[in-house]
Amino acid sequence: MKLGIRERLTLFSLLLMLVVGIIAGLFLENERRSSIEQQIERELSHYAAAVRELMAESQAEGALQIDPLADRLGAATSSRITIIALDGRVLGDSNLTLDEVRAVENHGRRPEVVDALAQGKGVYRRYSTTVETDMLYVALPFGKPETLGTVRAAKPLAEVDQAITELHLTLIFTGILALLLAILLSGLASHLLTGTLRKLIHHARSLSAGAAEESSTSADEIQLLAGSFNYLAQELEEHITELRRMEREQRVFIANASHELRTPAAVIRANAETLLSGAIEDEVMGPKLLKALDRNAERLALILSDLLDLARLDAGQSHLEPIDLLLPDYLQHAVETLTPQALKRGVTIEIAPDEQTRLHADPHALQQILLNLIENAIKYSPPGGRIQIKSQRHQGTMEIRVEDNGPGIPESCRTKVFQRFYRVDNGRARDVGGTGLGLSIVKGLTEAMHGSVGIEPARPVGSIFWVRLPLSCNR
Ligand code: ADP
């Protein structure tokens, strides 16, 4: 049979009570027995002393007179009184008749009598052959100036046994009462305890089913446990929510990525098939199809390269190694790289003079950020547009601002453009050859270098993309 926690708790407390009860009972019995015996001994000493005084004054002589005296004294003290002559003859005994007294054996060898005569007092617990029971004896010598004999008072030890039996009965009675009370109390305690445990289990179950719930807040240990459990549960819930969000994002990302890749891949395949089926011989169609194939292959390569950059950023494998560098060199290089593209669209690029401040950044990442922002400005600027690049210190960082006079970005889209594959105007963005990943790479790289990125509207039209990167410590 398997016991529940409640039954086990009750059983345990009952066992504990039983053990404590037995030990306490044994101890009490021992204490009680010796204290009763001491009390009886004191009483008997008093009786013997009183009898001794009486005998000193009494004129009684011989058993004929002394035995009735012993009988009266015995009755008055509810004990056995024996008066023994110096030679050991019994002169009177409250438990014996005159005839029996005359016939009883000599008491001169009784240990208490021997002790009384030798030391002035004799105390013994022993079996009485005369009355055939365990007795406690106290004997004193009597007679002044010369000793005439001993007086002896005795009580059966059965009285002690009776007191102990009474004690047992009291103990058993109170024990049963305490046991009943303990059953009741431990039942109640374990009920409360298991109630809290059950709540915890219920809480755990509802949590695993996805529903968080507050549990009660009293301050005993189980409640404290419940508190930490709740805390853990909340932490877990946050983690699960975060994991679910990441999972959802990943699914969306994969769907978007496949969608982006599918179009150029399909064009390449279709063009290749058409070319293979003979169009390659066609003077007009051949070069046209090949050019489209090349364009889409390039786009595919572009998307894959961006995806790879993002994957590296996500995995924390970008191996950025920030160094102290001067911004103008990098700006110059980025603008030079993109000049042919700008010229094609008739867009001018101006770089405002910089105060030669050093910043702390990874050279390759900085280059990638600048190329992305300036290329976007070129792509989304109208023909003949104007791009201005400025750099300035901003609250302990270096702020790089790329401003264009393009269509600008609606306020509601300003945070979204940094998301993967997000485009404000799908058609236009694709027309200009965007992958929708550029800005998310910019954000990822900037944050990996402990910087930040944002957008402001330009006046009267256009947008300003800014990136803030840490300044060098040795400026
Ligand atoms: P894409 O490769 O499509 O340009 P990005 O991540 O670089 O992807 O940009 C995301 C979207 O933000 C673009 O599709 C475009 O709609 C918008 N965008 C980026 N730069 C500019 C800009 N300078 N002016 C206007 N819109 C912009």
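Okay, let's start with four charged residues: Glu399, Arg401, Glu456 and Arg468 are linked in a network of salt bridges. By salt bridge I mean a side-chain nitrogen of Lys or Arg within 4 Å of a carboxyl oxygen of Asp or Glu. Side chains of opposite charge can pair when their charged atoms come close.

A quick word on what we're looking at. This is a predicted model, where local features need pLDDT of at least 70 and side-chain atom pairs count only at pLDDT 80 or more, while totals for chains, interfaces and linings use all residues. Residues are numbered from 1 along each chain as its sequence is written, and side-chain values use heavy atoms, with hydrogens and water left out.

Arg80 pairs with Asp93, with the closest N and O atoms 2.8 Å apart. That pair links distant parts of the chain, 13 residues apart: Arg80 sits in strand β1 (residues 80-85) and Asp93 in strand β2 (residues 90-93). Strands here are DSSP runs of E, at least two residues, and helices are runs of H or I, at least four residues, numbered from the N terminus. Are Arg80 and Asp93 buried or exposed? Both are buried, and buried means under 20% relative accessible area, with exposed over 50% and partly exposed in between, using a 1.4 Å probe and protein chains only.

Next, Asp87 and Arg89 form a salt bridge with their closest N and O atoms 3.1 Å apart. Asp87 is partly exposed, at 47% relative accessible area, and Arg89 counts as partly exposed at 47% too. Then there's Arg33 with Glu29, at 3.9 Å from N to O. Those two are 4 residues apart in helix α1 (residues 5-57), so about one helical turn separates them. Arg33 is partly exposed, at 28%.

Now, the sheets. Strands of a sheet pair through backbone hydrogen bonds, either parallel or antiparallel. For us, two strands pair if DSSP finds at least two bridges between them.

Zoom in on β1: it pairs with strand β5 (residues 149-156) over 6 bridges, in the antiparallel sense. The bridge partner of Ile81 in β5 is Ala153.

Within it, 7 bridges join β9 to β10, which run antiparallel, and Lys390 stands opposite Arg401 in β10.

Ala377 is in α9 and is buried, at 2% relative accessibility. Leaving out residues up to four places away in sequence, Ala377 touches Ile387, Val402 and Asp404, where contact means heavy atoms within 4.5 Å.

Last stop, helix α8. Its 19 residues (327-345) should span 27 Å at 1.5 Å a residue, and the end C-alpha atoms are 26 Å apart, which agrees. That expected span is 1.5 Å times one less than the number of residues. Where does α8 bend by about 50°? At Thr339, and a proline, Pro340, follows within four residues. The bend is the angle between axes fitted to the seven residues ending there and the seven starting there. Buried residues in α8 include Leu327, Tyr330 and Leu338, and what covers the buried residues includes β7, α9 and β10. After α8 comes Gly346, with a positive phi near 70°.
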